[in-house]
Amino acid sequence: MTDYTEIRAGFVKSKIGLVGAGILLCLILVSALTAVFVPIETYKQWNNPASWTAFPKSALPSWVNFFSEKKMPEHQIIDTPRTILQEGSSVFVTVQKFETDYAYDYFPNDFLFQYTAEYEGSPLLQVSVLRPDGIDLQLVSSSLPHSSHLAAYSDKIFSTNDSIRKNLVLQSSKFSYPIDGMTAKEIIFSNSAKGDVLKGRYVFSVGLAGVDSKNAFSESRFILGGKVFGLVGTDELRRDLSIGLLWGTPVALFIGVVVAVGSVVSGLVFGVYAGYKGGRTDESMMRLNDVVYALPALPFLIILSVTTSNSIFLMIGFLMIFGWVGIAKVSRSMALQIKTRQFVDAAKTMGQKDSKIIFRHIIPQIMPYALASIAISVPAAITTEAGLSFLGLGDPTFPTWGQILHDAKSHGAAARGLWWWIMPPGIMVALTGLAFVFIGNSLEVIANPKLKR
Amino acid sequence: MGLKRYFASRGIILFGVLMATLFLTILLVGSNMDAIMKKGVAIQVRSEIVQNKDLVAGFQSTNELDLYITGQIDQRVKNLGLDTPWYSPNRIGLSMYKIMILDFGHATFLTSDSGSTAVGDIILEKLPKTILLFTTATVIISVIGIFVGATSGSKTGSKIDKMTSSFAVISSSFPVWWVGLIMIFTFAFSYNVFPARATPLLAPDDPGYIAALLYHMTLPLITIVLIGFGTWAYLVRNFMIGILQEDYIFAKRAIGLSQRRIVYGSALRNAAPPIVTILALSLSGSLGGAIITEAVFDWPGMGRLYFEAINVMDLPVIIGTTYVLTVFFLVSIFVSDLLYGYLDPRIRTI
């Protein structure tokens, strides 16, 4: 048996091996935390544009604000308003107040009020904003569709709504300059004296006033569309890229490790069996090996995923089919050497079965090499999968780094300068690859002392 | 086993692989292919009838016309042999024979720049561009790689050696196509030095076309070389280390030959067989890898053709391109076998 403590001792001494193991540990930790803390719904909804409407379009990561003098507005989703009930003799009013500290140097992209109201009759919906300078601007005043019984009604009010602009133009006397050419969001957030952004606390209040009947907001949120969002920003389809990157980690690790282990183990058994048996078995098995070796892998993988299905598990199987060949060749030549050693002869004369000799005596000798090959095959599997996904042949049920890059490519992210869409997925692919290459290299040095020096 | 027998057996295997690839490809796309061809026949018949006004006028009712159309379609389907299922041995044999003699048929959607729909024409137009880009890149990579690798292999443990090794490891972890995206971002978006799309806007018969093509080629070329040469240098370095430990090198040192003469004269010559083999293999390997790289840079070669064909499921083009790529791949494997057998006599004894 190989001395595993020796391998471990050698590994602990190798610096890059430890760095690789450290990176890998971090990636595993990220995967575990993702699985525990990020709701599983988010990955199922990844390719469903309807579930990402609350997010901004192509927003930069929010940390870019640290590096620039002028701060870009952060995207804010305010869904915890203060609710005030005013009950008069006949009038019933529900008011919700959405507060935000606006301390940015640019106007927001847009804003959106999204609500579901439960009411009877035809209540009046009023939206107004109290600005830091004390000016109160009326934005919307409209009655909701009539309903004869208690019913729920959902709607959205966009900042581009024409009636908001009309209402604002009516209040143009509060501004010391003409506001006709400005959009609603600019008027609301601009200084009444100069026309630049007015910083401070804004309170948006939404009132629902009904006569002789109760009413309430069962759901409401105010979205202030910003230019920066989260740690990694969002893409053109409003998706939070950090969610995709996080879910991509366990998927990539799974693909890489399963493909590497599967192809190395099958290649090892195949090669050792051929080498040990020798003769015609060896000859015909090696010819099969040559055939698979000469197949052009990438065109084949592409045709297979186009014609069969793009299931990720099928792709893992195909990657294994092309992955075992090189390992089979090397382990065969190793088996050829090992089988001439005395302990194999001894086992044979003792009448041990072939399978026992192969698994008990020969394969353990090759184990260090096999471990190194597993580590080295992982990055190849991950990059191949990422490449196929990048071509648009990935499994749409899982978000992967390759698919994020595919979407980036098809929206022309590189030529439009959306760097936060391109950099992180590639860095993640490379980082994962590096971790395994580091581990593999240090294992290889242990397995093959000739490379030391 | 003699050298001749070795080559003969390799040749037979590779031909078998070619046939197997062809067979598998047809097996995979055959059923779709049939449906598409039948549709094509129906469209052809209808358009011919629409154009032929006299014929249409001769019919009494629409029923009669429909009957005539279905009759015509059935007859043509029969003439083309489409009435037997695609998996019948006859049909598979026929399509394999056709492809082997390079008759790829007509593309369903794609056309060449000159407007021809023959798959052969399209491939002939794209192939030189792929060869131009990837052969140039491979040559540059191998020259830089051999030089850097030999230098660092002869000075193990030095700064240049450590730099080469770590650059090789790090650069091989990045997918080429991702680095391509970054290059486009940097040089096309931020600095505006090179165009983002590598397809020249000029027509191919324009006198400035060659210059434009070369200018558009710069960015993909730089990217491929940047990512590729590290691995090469690392390989050459490892060969050199092995060879520099041999006795005859010590003997030459003892005579007092200069280190430079030993490295570039004796050692590099002895490292030649594996290096030449890898060169031949990587030339063809780059053709396969071209699919993604060309898709990123929009380089008008075989890889992008393949990518486009897959996007619109243009099966004749897919089959034709796979075949040509496979032929190139196998020929280069064969050439590398030949070279190895020729350069390294030990192979003959296996």
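In this predicted model, 41 residues of chain B are in contact with 36 residues of chain A. On the side of chain B that touches chain A, the elements giving two or more residues are H1, helix H6 (159-173), helix H7 (176-190), helix H11 (272-297), helix H12 (302-311) and helix H13 (315-343) of chain B. H1(B) supplies the largest share of that side, 9 residues.

**Helix H1 of chain B**

Helix H1 of chain B covers residues 3-51 and has a kink of about 55 degrees, centred on B:Gly30. Buried residues in H1(B) are B:Leu14, B:Val17, B:Thr21, B:Leu22, B:Thr25, B:Leu28, B:Val29, B:Met33 and B:Val45. An α-helix has 3.6 residues a turn, so residues three or four places apart point the same way. The buried positions B:Leu14, B:Val17 and B:Thr21 can be read with that spacing in mind.

Chain A contains 15 helices and 9 strands. Its radius of gyration is 32 Å, whereas the globule rule gives 22 Å for 453 residues, so chain A is more spread out than a compact globule. Chain B contains 13 helices and 0 strands. The radius of gyration of chain B is 27 Å, well over the 20 Å that the globule rule gives for 350 residues, so chain B too is more spread out than a compact globule.

| Chain | Property | Value |
|---|---|---|
| Chain A | C-alpha box along the principal axes | roughly 105 × 50 × 40 Å |
| Chain B | C-alpha span along the principal axes | about 105 × 60 × 35 Å |
| Chain A | Buried share of the 453 residues | 40% |
| Chain B | Buried share of the 350 residues | 36% |

Contacts within each chain can also be sorted by separation in sequence. In chain A, residues 24 or more positions apart account for 76% of the contacts with a separation of 6 or more. In chain B, 74% of the contacts between residues at least 6 apart in sequence join residues at least 24 apart.

**Helix pairs in chain A**

Helix H6 (residues 241-277) and helix H10 (residues 325-338) of chain A have axes that come within 7 Å and cross at roughly 40 degrees. This crossing of H6(A) and H10(A) is right-handed. Residues of H6(A) that meet H10(A) include A:Ser263, A:Val264, A:Gly267, A:Leu268 and A:Phe270. On the H10(A) side, the residues include A:Val325, A:Ile327, A:Ala328, A:Lys329 and A:Val330.

A second pair is formed by helix H11 (residues 342-349) and helix H12 (residues 354-390) of chain A, whose axes come within 11 Å and cross at roughly 155 degrees. Angles over 145 degrees count as roughly antiparallel, and H11(A) is therefore roughly antiparallel to H12(A). H11(A) passes H12(A) in a right-handed crossing. In this contact, H11(A) provides A:Phe343, A:Val344, A:Ala347 and A:Lys348, while H12(A) provides A:Ile357, A:His361 and A:Ile362.

**Individual residues**

Two residues of chain A are listed for their phi angles. Most residues other than glycine have a negative phi. A:Ser58 is not a glycine, yet has a positive phi of about 45 degrees. A:Ser58 lies in the loop between helix H3 (41-44) and strand E1 (76-78) of chain A. With 18 C-beta neighbours inside 10 Å, A:Ser58 counts as partly exposed.

A:Arg238 also has a positive phi, near 70 degrees. A:Arg238 is found in the loop between strand E9 (216-225) and H6 of chain A. This residue is partly exposed, because 17 other C-beta atoms lie within 10 Å of A:Arg238.

A:Ala32 belongs to helix H2 (residues 15-37) of chain A. Having 12 other C-beta atoms within 10 Å, A:Ala32 is exposed. A:Ala32 and A:Pro250 are 218 residues apart in sequence, and their C-alpha atoms are 8.0 Å apart in space.

In chain B, helix H8 (residues 209-244) contains B:Ala211. B:Ala211 counts as exposed, with 12 C-beta neighbours inside 10 Å. Between B:Ala211 and B:Ile131 the separation is 80 residues in sequence and 17 Å in space, C-alpha to C-alpha.

Terms used: Residues are numbered from 1 along each chain as its sequence is written. Chains are lettered from A and ligands numbered from 1 in the order in which they are written. This is a predicted model: local features need pLDDT of at least 70, side-chain atom pairs count only at pLDDT 80 or more; totals for chains, interfaces and linings use all residues. Helices (H or I, at least four residues) and strands (E, at least two) are DSSP runs, numbered from the N terminus. The radius of gyration is taken over C-alpha atoms; the globule rule is 2.2 Å times the number of residues to the power 0.38. A residue is buried if 20 or more other C-beta atoms lie within 10 Å of its own, exposed if 12 or fewer, and partly exposed in between; C-beta atoms are placed from the backbone. Two residues are in contact if their C-beta atoms, placed from the backbone, lie within 7 Å. The bend at a residue is the angle between axes fitted to the seven residues ending there and the seven starting there. Axes are lines fitted to C-alpha atoms, for helices over the stretch in contact, and angles run from 0 to 180 degrees between N-to-C directions. Angles under 35 degrees count as roughly parallel, over 145 as roughly antiparallel, 65 to 115 as roughly perpendicular and the rest as oblique. A crossing is left-handed if the near helix is turned anticlockwise from the far one by less than a right angle, and right-handed if clockwise.
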